[in-house]
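Good morning, colleagues. Today I shall describe the surroundings of the ligand and of its iron atom. Please look at the sequence and the structure as we begin.

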Amino acid sequence: MELSGWRQSRAFLLCFRVGVALLASVPLFVLIGRIASGNLGPDPGQEVTQALGIAAFQLLIATLCITPMQRWTRWAGWIRVRRMLGLFAFFYACLHVLSFLQFILGWQDLWATFTKRPYIVAGSVAFLVLVPLALTSTKGMMRRLASDWKRLHRLIYVSVVAAWIHFIWQARSDVGEMVVYGVLIGGLLWLRARWNGWGVLVPFVRNPRVVKRRSI
Ligand code: HEM
């Protein structure tokens, strides 16, 4: 459905995009504020790593919320912020990994750490599948890859599930929070399956129902 009335105006879309960008930057500003005021508790490196990890995870989930929001509100403006949210998630994921390497690992025993700790293996999967998505997020790549682009970008489902496994695996307490995230992710994936068939959840697989309907 076409945009209508005030929601269609360029000014509103611009405000919406700027608002979403500001919201997505909040975790970074809060973290910078905490670093500046020395309010990071007894283990600052761990605090920074955790804050960046949770920001990446939440923004990944927010990216997955865009298509349902667009369908429910019948407002195409949502789609205009999807790529930005995905790139913010990737940005925080990069900082999270760098923070882990710098503050927790000290760049030592990389191979053993990345292959022997299962929750780090899950985190690495979540991160690595985001890399091709970020690299192919430009309009040019979208055009060049055509229908393959959509199939490739279904890797986001793998990333969010791997990130959830990574999160729950290293949790020491408050499993309730992970359950809430799990239900949310499950619901978002179920919606895709309901709209486009279960095949849509598998990256790279051709799905005729998905080619007809435009959603990832
Ligand atoms: C190479 C990839 C990754 C590595 C090595 C890694 C490493 C870590 C480590 C060491 C922690 C625990 C920090 C602590 O409490 O001591 C952690 C927590 C976490 N990571 Fe990752 N991570 C990776 C990728 C990701 C990605 C891609 C995401 C999300 C998209 C993510 C989301 C999280 C979340 C949500 C937490 C829990 C934060 C909390 O306890 O509040 N991680 N990660």
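Helix H2 contributes the most to the shell around the ligand, namely seven residues; helices (H or I, at least four residues) are DSSP runs, numbered from the N terminus. This is a predicted model, in which local features need pLDDT of at least 70 and side-chain atom pairs pLDDT 80 or more, while totals for chains, interfaces and linings use all residues. Residues are numbered from 1 along each chain as its sequence is written, and side-chain values use heavy atoms, without hydrogens and water.

In total, 23 residues surround the ligand, each with a heavy atom within 4 Å of it. The closest are Gln 46, Gln 50, His 96, Phe 100 and His 166.

Which protein atoms are donors of the iron atom of the ligand? They are NE2 of His 96 and NE2 of His 166, at 1.9 to 2.0 Å; donors are N, O and S atoms within 2.8 Å of the metal (3.2 Å for Na, K and Ca). His 96 belongs to helix H3 and His 166 to helix H8, so the pair links distant parts of the chain, 70 residues apart.

Methods. Helix = DSSP H or I, 4+ residues; strand = E, 2+ residues; numbered from the N terminus.
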